[in-house]
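Please read them with the coordinates open.

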Amino acid sequence: ALPDISGPGSKKNSTRRDPIDIDTNKTRTTTNLLLPGADLVTEYDRAVETMISTSLKEKYPDYAFHGEETYTPTTPLTNAPTFIIDPIDGTVNFIHNFPHACVSLGFAIEKTPTVGVVYNPSTKTLYSAIKGQGAFKNRDQRLPLRNPEPLTGLSNALLAIEWGSDRSGPNWTVKTRTFEKLGASKEDGGAMVRSFRSLGSAALNICSVAEGVIDLYWEGGCWEWDVCAGWVILNEAGGLVVDGNPGGWEDEVSLDGRRYLVVRGAEEKGQREIVEEFWG
Ligand code: IPD
């Protein structure tokens, strides 16, 4: 059996359950490694976040603001109506000029994702949704965009996974074992999904599931600002976010739980069956 993704060595028993043993100090180590001495991306990240927060605070002074670049462990997400922002989701792509990064702007009330806007400036693609009012691509195309091939199980599923920036500890073991199991052919005891994609933006992964071009997305280690906006868009398109722990259909999923399994609206097979097949 797979260990719990928040297993020994992680911070499962602390008030904030970190599924991955990352430095919650939010040092952008990826940026530092790739651009030693020239923290350009952090400057862009901060500039975008400042621009967005200044404008939102002016218009909506009563709402809280929770952004990736200004987050500290002493300012956790609360139940207050809160804008939850990732100024650049897909920072590594941004550094590499791989045109797959976005601004992710979410709004949650009592930690329930309620409004979501995700914009990829490279492709000029906009995803948006308000809880109860449907999800849209580029304002006028209702999601899911097309009638996708019915999801009959993992064998015809395209699965988005992410490697994450932390590659250590029990969570790394869970990730690699899960990839191994899902990728192996059935004769070798695996589940063999049709294929994996690892595109480097949590928000765009979720929007792709909402759109119907990816079927599932699993990650432990990303944050509420990576998922909040996409979550509303996904729900409005018939998709679900469930807890990302092995076997976690029954576990309550939380916006700041940092482990998520995202499933598109399935037709022939129920979402629960798909999740159960995922964990095997
Ligand atoms: C990251 C991306 C990436 C995911 C990481 C996130 P960032 O966000 O969404 O796909 O694997 O867990 O932290 O750092 O580019 O905003």
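1. Strands E2 (residues 82-89) and E3 (residues 102-109) run antiparallel and are joined by 6 bridges, where strands and helices are DSSP runs numbered from the N terminus, a helix being H or I with at least four residues and a strand E with at least two. Two strands are taken to pair if DSSP finds at least two bridges between them. Within this pairing, Ile84 has Gly106 in E3 as its bridge partner.

2. This is a predicted model, in which local features need pLDDT of at least 70 and side-chain atom pairs count only at pLDDT 80 or more, while totals for chains, interfaces and linings use all residues. Residues are numbered from 1 along each chain as its sequence is written.

3. E3 also runs antiparallel to strand E4 (residues 112-120), to which 7 bridges join it, and Leu105 has Val117 in E4 as its bridge partner. The two strands form a hairpin with 2 residues between them, and Glu110 in the turn has a positive phi of about 50 degrees. Of the 8 residues of E3, 7 are buried (20 or more other C-beta atoms within 10 Å of a residue's own, with C-beta atoms placed from the backbone).

4. The ligand is surrounded by 15 residues, of which the closest are Asp89, Thr91, Glu162, Ala202 and Cys222 (near meaning a C-beta atom, placed from the backbone, within 6 Å). E2 supplies the largest share of this shell, 3 residues. By class the shell has 3 nonpolar, 6 polar and 6 charged residues; Ala, Val, Leu, Ile, Met, Phe, Trp, Tyr, Cys and Pro count as nonpolar, Asp, Glu, Lys and Arg as charged, and the others, Gly among them, as polar.

5. A mixed, open sheet is formed by 5 strands in the order E9-E8-E10-E12-E11, with E9 (195-197) and E11 (240-243) as edge strands that each pair on one side only. E11 pairs with E12 (residues 259-263) in the antiparallel sense over 4 bridges, and Val242 stands opposite Leu261 in E12.

6. The axes of helices H5 (residues 202-211) and H6 (residues 224-236) come within 8 Å and cross at roughly 5 degrees, the axes being lines fitted to C-alpha atoms over the stretch in contact, with angles from 0 to 180 degrees between N-to-C directions. That makes H5 roughly parallel to H6, a term for angles under 35 degrees. The residues of this contact divide into 11 nonpolar, 1 polar and 1 charged.

Terms used
Angles under 35 degrees count as roughly parallel, over 145 as roughly antiparallel, 65 to 115 as roughly perpendicular and the rest as oblique. A residue is buried if 20 or more other C-beta atoms lie within 10 Å of its own, exposed if 12 or fewer, and partly exposed in between; C-beta atoms are placed from the backbone.
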